[in-house]
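Welcome! Have a look at the chain below, and then we can walk through its fold together.

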Amino acid sequence: MVFRYNLRTGSEGFYNITSKVNSAVSESGIKDGICVVFCPHTTAGITINENADPDVVNDMLYALSKTLHDRPEFRHAEGNTTAHLKASYTGSSVTVIIENGRLVLGTWQGIYFCEFDGPRNRNFYVKVISG
Ligand code: ZN
């Protein structure tokens, strides 16, 4: 069972999509299995990290920007190579275990859509698999 979600993003940021993933799991009716959250974009990603202190994702964005920044040697004509690099750093998907109809996440964990080249109309997929 696949669920598709739309997301309107700002310029750059981490968007907590945990509640949407939870709703997909709930709607699927699957009690035990796994779910895959996938981002079909080359300048955005998906990651799991702390959802309690919003400074964590702000620090992650800051660190990514300090680590991966524009260079005159870049050849990609669109001019957004840094966004492509950040997307590969975070990855395009995460897999989460489903147990008793709930996502098995740590107390402080949330699932984030990571925008590196917005604002844009984005989407992501949640595939829920029984087993
Ligand atoms: Zn590009």
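## Layout of the chain

Reading from the N terminus, the elements follow the order β-β-α-β-β-α-α-β-β-β-β. That makes three helices and eight strands, where helices (H or I, at least four residues) and strands (E, at least two) are DSSP runs numbered from the N terminus.

A word on the model: it is predicted, so local features need pLDDT of at least 70 and side-chain atom pairs count only at pLDDT 80 or more, while totals for chains, interfaces and linings use all residues. Residues are numbered from 1 along each chain as its sequence is written, and side-chain values use heavy atoms, leaving out hydrogens and water.

Five strands form an open sheet in the order 1-8-3-5-6, with antiparallel pairing. Strand 1 (2-8) and strand 6 (102-103) are at its edges with a single partner strand each, so one side of each has no neighbour in the sheet. Pairing here requires that DSSP finds at least two bridges between two strands.

Strand 1 pairs with strand 8 (residues 121-130) in the antiparallel sense over seven bridges. Within strand 8, Phe-124 is the bridge partner of Tyr-5.

## Overall dimensions and packing

The C-alpha trace spans about 50 × 30 × 25 Å along its principal axes. Of the 131 residues, 39% count as buried, meaning under 20% relative accessible area with a 1.4 Å probe, protein chains only.

Now for contacts (heavy atoms within 4.5 Å): among those between residues at least 6 apart in sequence, 83% join residues at least 24 apart.

Conventions: Buried < 20%, exposed > 50% of the residue type's maximum accessible area, 1.4 Å probe, protein only.
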